[in-house]
Amino acid sequence: MARPRNPLLSRERIVVTALRLVDEEGLDAFSTRKLAAELGVSGPSLYNHFPTKDALLDAVVDLVVGEVELDMLGRDPWPDALREWARSYRSALVAHPNLVPALAHGPGRRPHALKLADAVFGALVDAGWPRGEATRIGALMRYLVFGSALGSFAGGFVDDAGLYDAEEYPHLNQAHLLAERQRAVDEGAFELGLEALLLGLRERFAHLS
C-alpha cells in the first residue's frame, strides 16, 4: 500500500504546529488557513479535530501550561513550593511570549490549567491557609508571573544615551544600558518581587493561628 503524501493529521501534530506558528508570527497573525497550509492539508481537515479556532487555541495554551512543573506542590513546604512553581510557570511563559495574552484569561475548560489551579489551591489549603486566602494567593501569584512574562521592562528603554537629556531626565543617565541588560534586569525584578511576596505571606500566615 502506498504511503500517504503527507503525514496523517493528529491532534498533537496540529497543536504543536500551531504553537510554532504563534511563536514565530504572533497571535494576531495566526489563522487556520496558514496552519492548514503549513500542515499541507485543506482547512476543513482541521475541523475534524477542532470545531473552532478558539478550541484549537485552547489546546495550544493548555500544551504550554502542561510544561509547568507541579510536583513540588503538596510535597515541599508551601513557601518553597510556591517559589519553584512560580519560576517554572514564568519559564514556560517566557518561552512562548506571544501566547501570554491568551493564557491570561484563566483556565476555562483546559485540563492542564485546571490541574494547575487545583494543585496550587490544594497545596495552600492543606498547608493551613483558609480557602478564601488560598484563592487570593493563587490569583496574586498569577499576577506576578504573568506581569513579568507579558513584556520586558528593561527592553522598553532605547539604548541611545543622547535620548536621556540630563536636564529633562536627571535620574535616567544610565537608562540606555537597560536594553543590553534586559534579561538580568527582568529576571532580577521577578525574583525580587517573588521573595518580597513570599516574605509578606509568611508574616501573614504566622498571624493566622
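**Ground rules.** I am working on a predicted model, where local features need pLDDT of at least 70, side-chain atom pairs count only at pLDDT 80 or more, and totals for chains, interfaces and linings use all residues. I number residues from 1 along each chain as its sequence is written, and side-chain values use heavy atoms, with hydrogens and water left out.

**Helix crossing.** I looked up α1 (residues 11-25) and α4 (residues 53-65). Helices here are DSSP runs (H or I, at least four residues), numbered from the N terminus, and strands are E runs of at least two. The two axes come within 9 Å and cross at roughly 80°. α1 is therefore roughly perpendicular to α4. I used axes fitted to C-alpha atoms, for helices over the stretch in contact, with angles from 0 to 180 degrees between N-to-C directions. Under 35 degrees counts as roughly parallel, over 145 as roughly antiparallel, 65 to 115 as roughly perpendicular, and the rest as oblique.

Next I listed the contacts (heavy atoms within 4.5 Å). From α1 come Arg11, Ile14, Val15, Val16, Ala18 and Leu19; from α4 come Leu56, Ala59, Val60, Leu63 and Val64. These residues divide into 10 nonpolar, no polar and one charged. The classes: Ala, Val, Leu, Ile, Met, Phe, Trp, Tyr, Cys and Pro are nonpolar, Asp, Glu, Lys and Arg charged, and the others, Gly among them, polar.

**Aromatic rings.** How many aromatic pairs does the whole structure hold? My search found six. Rings of Phe, Tyr and Trp (its six-membered ring) pair if their centres lie within 6.5 Å; planes under 30 degrees apart are stacked, over 60 edge-to-face, the rest tilted. Tryptophan 129 and phenylalanine 205 have ring centres 5.0 Å apart and planes at 45°, so I logged the pair as tilted. It links distant parts of the chain: tryptophan 129 sits in the loop between α7 (111-127) and α8, phenylalanine 205 in α9 (residues 182-206), 76 residues apart.

I checked accessibility too (buried is under 20% relative accessible area, exposed over 50%, partly exposed in between; 1.4 Å probe, protein chains only). Tryptophan 129 is buried at 2%. Phenylalanine 205 is partly exposed at 25%. I also noted phenylalanine 153 with phenylalanine 157, an edge-to-face pair at 5.3 Å centre to centre and 65° between planes. Phenylalanine 153 is exposed at 55%. Trp78, Trp129 and Phe205 form one aromatic cluster.

**Serine 148 and arginine 90.** Serine 148 lies in α8 (residues 131-150). It is buried at 18%. Beyond four places in sequence, I found serine 148 in contact with Arg90 and Phe190. Arginine 90 lies over the face of phenylalanine 190, 5.1 Å from the ring centre. The test: NZ of Lys or CZ of Arg within 6 Å of the ring centre and within 35 degrees of the ring normal.

**Arginine 83.** Arginine 83 is in α5 (residues 78-94). I read 12% relative accessible area, so arginine 83 is buried. Leaving aside neighbours within four places, arginine 83 contacts Leu194, Glu195, Leu198 and Arg202.

**Alanine 36.** Alanine 36 lies in α2 (residues 32-39). It is buried at 3%. Not counting residues up to four places away, alanine 36 touches Val41, Ser42, Gly43 and Leu46.
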